Amino acid sequence: MIRLLAAASAVALLALLRLTSRAEVVLWVGLLGLALAAVAIAAGWRWAATAAAVLFMVGYTLALRLEGRSVEPGVALGFGLALLLLLAAVDLTGRARGATVRGPVLGTTVGRWLALGAGALLAAMLAMELAAAVAGTLPAMASPLLAAAGGLGSVLVVAALFRRAG
Amino acid sequence: MRGRLTPLALSILAVAAWAISLGVLAARPEPFLVALPGLLVLATLARRPSAPRCTIAHRISRDRLFEGEAATVTVTVSAGSPVALVELLGPRPPGAQLGSGRHRALMTLRAGDVVEWAYELRFPRRGVHDVGTIAVRMRDRLGLHTWEHRYVDAMAVRVYPRVVPLRSLPRPFHTQPSVGDYVSSALGEGIEPGDIRQFAPGDRIKHVNWRASLRLGRLHVTQRHLERNADVVLMLDTLAEVGAPPETTLDQGVRAAASLATAYLARKDRVGLITYGGVMSWVRPASGAAQYERLADGLLRADVVFTYVAKDLLRVPPRVLSPQALVVAITPLLDRRFAKAVLDLAARGFDLVVLVVSPVEVTRAALAGSPTDDLACRLWALERRADLAELRRHGLPVLEWRPAEPLEAALVGARRRRVRLASAG
């Protein structure tokens, strides 16, 4: 069942990619990601799942660049949640390999990630509203720099949290 | 208990970082939204979660068994607080096989839950196996934090070598004064009738032979042969072994030693043990059920320890290796130092039997069975035949045992005569 969840996540990621763009190159990147995800699910290798997630992410960005559509927060959030679910399910697959599973392990895992999805949706809506309000006040020339600084800042914050927790 | 971040947290961080970088490069907001759930998960690291509370207990169905038998390990987990995911790695000593169930478990527990999980371990090889350690790993709700600790409750399973019943045993030349199963030529207290003589003052009435007394007209008594026991010392070669566990030449030798010890002890003999190898150890001869325990403990620990040093049997105290004892040397004859020690014993006038565990068959069983292997084994068998003939030329009784055949078949062939060598080869 845990493998099925991981496989469903990988297939959902490919479907979302196809939904975003019909370009052949995006399909190939997606298929490569799916193959890596299949290896990860079969072998329980975490590194392969991470690589597959990054490939799906590259494919998604490529699809966005090629299509140049308007922002679709629902698809993006679904994509992010499916990526997390893939990573978590492969991690659980590796741990459950050759083990006796007792209690509602899968049910609680799925429940937790669904709750997280709802939280992420709320946070995204809030972020989008905030972004729309702030966007008007920012100078257009500085926006790439601000985006890079914001990205770097968030990664640094998370890295600091890692240092504190680890 | 040690807490740390999980590899899953690192994976999420890597993917989120990639998403943010790609968002900046592609100048699109969607990758940031993709990273959002991951960043939300990682934001929970800001609060330091406390370690879940859970207690472990385990028990073993049997702590003493024979090779090939199985024991059930039962682990009980009690949760003092909710545990999102607990991974347990139960004891599985090297060499033990899983019979039924699995020695790893994955559980989700609510506060107050008590879960029991059991699996069966089969022990194909003798030894003292540690089954007292359980590795526990607990994770938080999102799988970012993990706490690990080892639950240790000193527990061991003692696996004794398989014993086969033996009826034919090499008979000792010398007997001891204690009561045993060997009928002595000397007359005294016993069961076997010996001679008849005239009654003398002090003779007991129950010894009167009434038939002879009536025929001869005077009281006669039946004299009986004394029944004696003997000292038997099993000398196990632990200098070298071949074959794949649990069927190495040493394993077979240990089984033979255990069977011989059981059979001799059943005859009320005093049995001792010397393990001759890199580490030399011994058990003083004694009789009874407790002695079997001592011998079995000695055999459990018998292992090959490499050494360049040839140990001198003079180090063994005479009360262990008495000159009156029958020495049964159990060896695959892979190391010339053991053959030299055996010849030395024979030269010192010890009553000696050499039981050779054939390493050719054991090695052949461990090999793939290619024509080259087969040819090599045949050449080795010829070479060994010459070696055994050399020992027999010295007058030593050499019994060759192929482990595929019953041990009794090898022992039946024992034809012995007293030997005294001028000097050790």
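Biologist: How many residues does the contact take from chain A and from chain B?

Modeller: In this predicted model, the contact takes 52 residues from chain A and 53 residues from chain B. Residues count as in contact if their C-beta atoms lie within 7 Å.

Biologist: Which element gives the most to the side of chain A that touches chain B?

Modeller: Helix α4(A) does, with 13 residues. Among the other elements that each supply at least two residues are α3 (46–67) and α5 (105–135) of chain A. By class, this side of chain A has 34 nonpolar, 12 polar and 6 charged residues.

Biologist: Why is α4(B) called roughly antiparallel to α5(B)?

Modeller: The axes of helix α4 (residues 249–266) and helix α5 (residues 289–300) of chain B cross at roughly 170 degrees. Angles over 145 count as roughly antiparallel, so α4(B) is roughly antiparallel to α5(B). The axes come within 10 Å.

Biologist: What makes the contact of α4(B) with α5(B), by class?

Modeller: There are 9 nonpolar, 2 polar and no charged residues. Ala257(B) and Ala261(B) of α4(B) take part, and Leu295(B) of α5(B) is one of the residues on the other helix.

Biologist: Which residues have the most contacts inside the largest nonpolar core?

Modeller: They are Leu83(A), Leu86(A), Leu87(A), Leu234(B), Val328(B) and Leu355(B), in a core of 154 residues. The largest share, 15 residues, comes from helix α4 (residues 73–96) of chain A.

Biologist: What does Leu234(B) touch?

Modeller: Beyond residues up to four places away in sequence, Leu234(B) touches Ala257(B), Leu260(B), Ala261(B), Val271(B), Leu273(B), Val328(B) and Ile330(B).

Terms used: Residues are numbered from 1 along each chain as its sequence is written. Chains are lettered from A and ligands numbered from 1 in the order in which they are written. This is a predicted model: local features need pLDDT of at least 70, side-chain atom pairs count only at pLDDT 80 or more; totals for chains, interfaces and linings use all residues. A nonpolar core is a set of buried Ala, Val, Leu, Ile, Met, Phe, Trp, Tyr and Cys residues joined through C-beta atoms within 7 Å. A residue is buried if 20 or more other C-beta atoms lie within 10 Å of its own, exposed if 12 or fewer, and partly exposed in between; C-beta atoms are placed from the backbone. Helices (H or I, at least four residues) and strands (E, at least two) are DSSP runs, numbered from the N terminus. Two residues are in contact if their C-beta atoms, placed from the backbone, lie within 7 Å. Axes are lines fitted to C-alpha atoms, for helices over the stretch in contact, and angles run from 0 to 180 degrees between N-to-C directions. Angles under 35 degrees count as roughly parallel, over 145 as roughly antiparallel, 65 to 115 as roughly perpendicular and the rest as oblique. Ala, Val, Leu, Ile, Met, Phe, Trp, Tyr, Cys and Pro count as nonpolar, Asp, Glu, Lys and Arg as charged, and the others, Gly among them, as polar.
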